[in-house]
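Hi,

Here is the structure I promised to pass on.

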Amino acid sequence: MALDSAPASVSEKASPLASGSSDCPATTLLLAARRHCWIAHHVPGRLRLRFDPLAMLGVLNGRVNDLEAVLGQVPGITRTELNLGASSLVIHYDAARLDAAAWERLVAGSEAAALAVLETVLPAA
């Protein structure tokens, strides 16, 4: 699946996590954003992502709050700390609920692997 254009805003739906399908704006946003991120540090329960700031700003297109809202609604994510100035996103999560290996598949795996992870963690409608 190509993601050449900016994804639709997740605020277009009442719940940005209405579905785990690739047609869901939340899924589209996360798939687009992951292409510009890499894991800088990871211990179970805490993940630090670094990202290309110009590329990420293009993907987010003024929707930083949407990204944080989407991540905040994933069951098991307890807190996020987005620092655009440092090009860093820290995700605190419950390691008992979210598999540490899934983060590697989500961030660095193929798009199909990332989509499979998202379909398991995003709540269904």
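One definition to start: a crossing is called left-handed if the near helix is turned anticlockwise from the far one by less than a right angle, and right-handed if clockwise. Helices (H or I, at least four residues) and strands (E, at least two) are DSSP runs, numbered from the N terminus.

Bear in mind that this is a predicted model, where local features need pLDDT of at least 70 and side-chain atom pairs count only at pLDDT 80 or more, while totals for chains, interfaces and linings use all residues. Residues are numbered from 1 along each chain as its sequence is written, and side-chain values use heavy atoms, with hydrogens and water left out.

Helices first. H1 (residues 25–34) passes H5 (residues 111–121) in a right-handed crossing. The two pack at an angle of about 140 degrees, with axes 11 Å apart (axes are lines fitted to C-alpha atoms, for helices over the stretch in contact, and angles run from 0 to 180 degrees between N-to-C directions). That makes H1 oblique to H5; under 35 degrees counts as roughly parallel, over 145 as roughly antiparallel, 65 to 115 as roughly perpendicular and the rest as oblique. On the H1 side, Thr27, Leu30, Leu31 and Arg34 meet Glu111, Ala114, Leu115 and Leu118 of H5, where contact means heavy atoms within 4.5 Å. That contact has 5 nonpolar, 1 polar and 2 charged residues (Ala, Val, Leu, Ile, Met, Phe, Trp, Tyr, Cys and Pro count as nonpolar, Asp, Glu, Lys and Arg as charged, and the others, Gly among them, as polar).

H4 also packs on H5: their axes come within 7 Å and cross at roughly 135 degrees, so H4 is oblique to H5. This crossing is left-handed. Ala102, Arg105 and Leu106 of H4 touch Ala113, Ala114, Val117 and Leu118 of H5.

The axes of H1 and H3 come within 10 Å and cross at roughly 110 degrees, so these helices are roughly perpendicular. Ala26, Leu29 and Leu30 of H1 meet Asp66, Leu67, Val70 and Leu71 of H3.

A pocket here, on a 1 Å grid over the protein atoms alone, is an open set of points where a 1.4 Å probe fits, with protein on both sides within 12 Å along at least five of seven lines; lining residues have an atom within 4 Å of a point. Leu30, Leu71, Trp103, Leu106 and Leu118 are the closest to its centre among the 26 lining residues. H4 gives the most to the lining, with 5 residues. Overall the lining divides into 21 nonpolar, 1 polar and 4 charged residues.

Cheers
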